[in-house]
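Have your viewer open as you read.

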Amino acid sequence: ADISISHRLPSQPGKTKPVIVRFARCDVRQLLYRNKKQLKNTGITIVEQLTTHRQHLMSTATKMVREGRLIAAWTVDGKVLSKDREGTVKNIYNVIELTG
């Protein structure tokens with residue numbers, strides 16, 4: 001009852017077909033996103049559908065986390081957030097904010 005519609009996406013060779021889900025209620029979706037850390041190391045990944053611009057921001061932020069320039073990067077309600085070395089969390093709106 002909490003899922004409005006769901007279907008599998010086309011697969012890539014050697015990978016399991018991903019499932020895309022639209023929730024009937026926003027509060028259920030938020031509850032799932034808040035608890036997705038519990039799925040760590042289970043082989044199940046939950047990701048938000050982002051615009052091309054925000055996907056690029058998230059990709060850049062993730063690369064900076066791997067390089068050690070940021071402590072963490074994540075998304076909430078389609079917004080990209082990052083935590084810098086000083087522990088400051090901020091919304092990221094463009095790449096200049098990340099690299100500047």
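## Ground rules

The expected span of a helix is 1.5 Å times one less than its number of residues. Helices (H or I, at least four residues) and strands (E, at least two) are DSSP runs, numbered from the N terminus.

This is a predicted model, in which local features need pLDDT of at least 70, side-chain atom pairs count only at pLDDT 80 or more, and totals for chains, interfaces and linings use all residues. Residues are numbered from 1 along each chain as its sequence is written, and side-chain values use heavy atoms, with hydrogens and water left out.

## Helix α2

With 16 residues, α2 reaches 23 Å from its first C-alpha to its last, close to the 22 Å expected. Buried here (under 20% relative accessible area, with exposed meaning over 50%; 1.4 Å probe, protein chains only) are Leu57, Met58, Thr60, Ala61 and Met64. They fall within an arc of 165° seen down the axis of α2, so they line one face of the helix; the arc is taken from the directions from the axis to the C-beta atoms.

These buried residues pack against β3, β4, β5 and α3. Turned away from that side are the exposed Thr52 and Arg66.

## Glu48

Glu48 sits in the loop between α1 and α2. Glu48 is buried yet has no salt bridge (a side-chain nitrogen of Lys or Arg within 4 Å of a carboxyl oxygen of Asp or Glu); Arg29, the nearest side chain of opposite charge, is 5.0 Å away.

Conventions
Lys, Arg positive; Asp, Glu negative; His and termini not counted. Contact = heavy atoms within 4.5 Å.
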